[in-house]
Amino acid sequence: MDIRESFLPGIGMKYQMDAASGDRIVVVIHDDGRRELYHFSYENLDESISMVTLEDQEARQLAALIGGMVYKPKQLESVEMAFDELTIEWYRIEPHYACVGKTIGELNIRQNSGASVIALMDKKKGKQVNPGPIAVLNMEATVIAVGEREQQKRFKQILMNGSG
C-alpha cells in the first residue's frame with residue numbers, strides 16, 4: 001500500500017492511497033476539521049466517481065469502524081496497529097518468497113531491517129512467541145514483526161528476496 005501526502009497551503013493536508021484493487025482514495029483534511037473523501041475507479045484515475053464530506057466527529061467514527069474498533073473480522077491476513085512511529089505487522093509467507101526454509105538468524109532480520117520478529121504462527125509448529133534465531137520460516141506461516149515503517153519495508157523485502 002502506497003500513501004502519498006501533500007501539504008495544501010491554506011487548506012490542510014491531502015492523502016492519496018492506491019488500493020490493491022487498483023482504485024484510488026484521496027482524503028483531504030481541512031484545517032477546520034472537515035474531511036473530504038474522493039474515490040477514483042482504477043479504470044479512470046483522473047475523474048472522481050464518488051465524494052463525501054464529513055465533520056471531524058463523523059470522520060473519527062468512520063475511522064473507528066474501518067479500523068475494526070467496533071467489529072474485528074475473524075480472519076485477518078494483515079493487521080497493523082500504530083504506536084506513534086512503531087507498528088506491528090502480520091506477514092503471510094507466500095510459497096514463492098525467498099525466505100522459505102530459512103531461519104530468522106540466517107536472514108539476520110534484526111540486523112538487516114531493524115525490525116524484530118515477536119511471534120511466528122505456523123500450522124506445522126504452532127504458535128511461537130518471541131521466536132529465536134533458529135526458528136524456521138515456512139511457507140504459509142504468519143510472521144508478526146514490530147518496527148518503524150522503514151524497518152517494516154526492509155523486513156518485507158527480506159521475506160520476499162531473502163536479503164535486505
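Me: In this predicted model, how many bridges pair β2 with strand β3?
Reply: In the predicted model, strand β3 covers residues 24–30 and pairs with β2 in the antiparallel sense. Within this pairing, Q16 stands opposite V26 in β3. The number of bridges over which β2 and β3 pair is seven.

Me: Which residue in the turn of the β2 and β3 hairpin has a positive phi?
Reply: The hairpin of β2 and β3 has five residues between its strands.

Me: Which residue in the turn between β1 and β2 has a positive phi?
Reply: Strand β2, residues 12–18, runs antiparallel to β1, and seven bridges join them. One of the bridge pairs sets E5 against Y15 in β2. The two strands form a hairpin with three residues between them, and the turn residue with a positive phi, about 80 degrees, is G10.

Me: Which strands stand at the edges of the open sheet?
Reply: The sheet is made of five strands in the order β1-β2-β3-β4-β5, with antiparallel pairing. A strand with a single partner is left without a neighbour on one side, so the strands at the edges are β1 (2–8) and β5 (48–54).

Me: Which residue of β5 is the bridge partner of E36?
Reply: Strand β4, residues 35–40, runs antiparallel to β5, and six bridges join the two. In β5, the bridge partner of E36 is T53.

Me: What angle does the direction of helix α1 make with that of β5?
Reply: Helix α1, residues 56–66, packs on the sheet and touches β4 and β5. The angle between the direction of α1 and that of β5 is about 115 degrees.

Me: Is E36, the salt-bridge partner of R34, buried or exposed?
Reply: R34 and E36 form a salt bridge whose closest N and O atoms are 3.8 Å apart. R34 counts as partly exposed because its relative accessibility is 26%. E36 has a relative accessibility of 12%, and the cut-off is under 20%, so E36 counts as buried.

Me: How many residues apart are E140 and R92 in the chain?
Reply: E140 forms a salt bridge with R92, with the closest N and O atoms 4.0 Å apart. The pair links distant parts of the chain, E140 lying in the loop between β9 (126–129) and β10 and R92 in strand β7 (residues 86–92); their separation is 48 residues.

Me: Which helix holds both E150 and K153?
Reply: The side chains of E150 and K153 meet in a salt bridge at 3.3 Å, N to O. E150 is partly exposed, with a relative accessible area of 46%, whereas K153 is exposed, at 52%. The two residues lie three residues apart, about one turn of the helix, in α3.

Me: Which element supplies the largest share of the largest nonpolar core?
Reply: The largest nonpolar core has 18 residues, and I93, C99, I109, L137, V143, F155 and L159 touch the most other members. At least two residues of this core come from each of β8 (116–122), β10 (142–148) and α3 (149–161). The largest share, three residues, comes from α3.

Notes:
Residues are numbered from 1 along each chain as its sequence is written. This is a predicted model: local features need pLDDT of at least 70, side-chain atom pairs count only at pLDDT 80 or more; totals for chains, interfaces and linings use all residues. Side-chain values use heavy atoms; hydrogens and water are left out. A nonpolar core is a set of buried Ala, Val, Leu, Ile, Met, Phe, Trp, Tyr and Cys residues joined through side-chain atoms within 4.5 Å. Buried means under 20% relative accessible area, exposed over 50%, partly exposed in between (1.4 Å probe, protein chains only). Helices (H or I, at least four residues) and strands (E, at least two) are DSSP runs, numbered from the N terminus. Two strands pair if DSSP finds at least two bridges between them. Contact means heavy atoms within 4.5 Å. Axes are lines fitted to C-alpha atoms, for helices over the stretch in contact, and angles run from 0 to 180 degrees between N-to-C directions.
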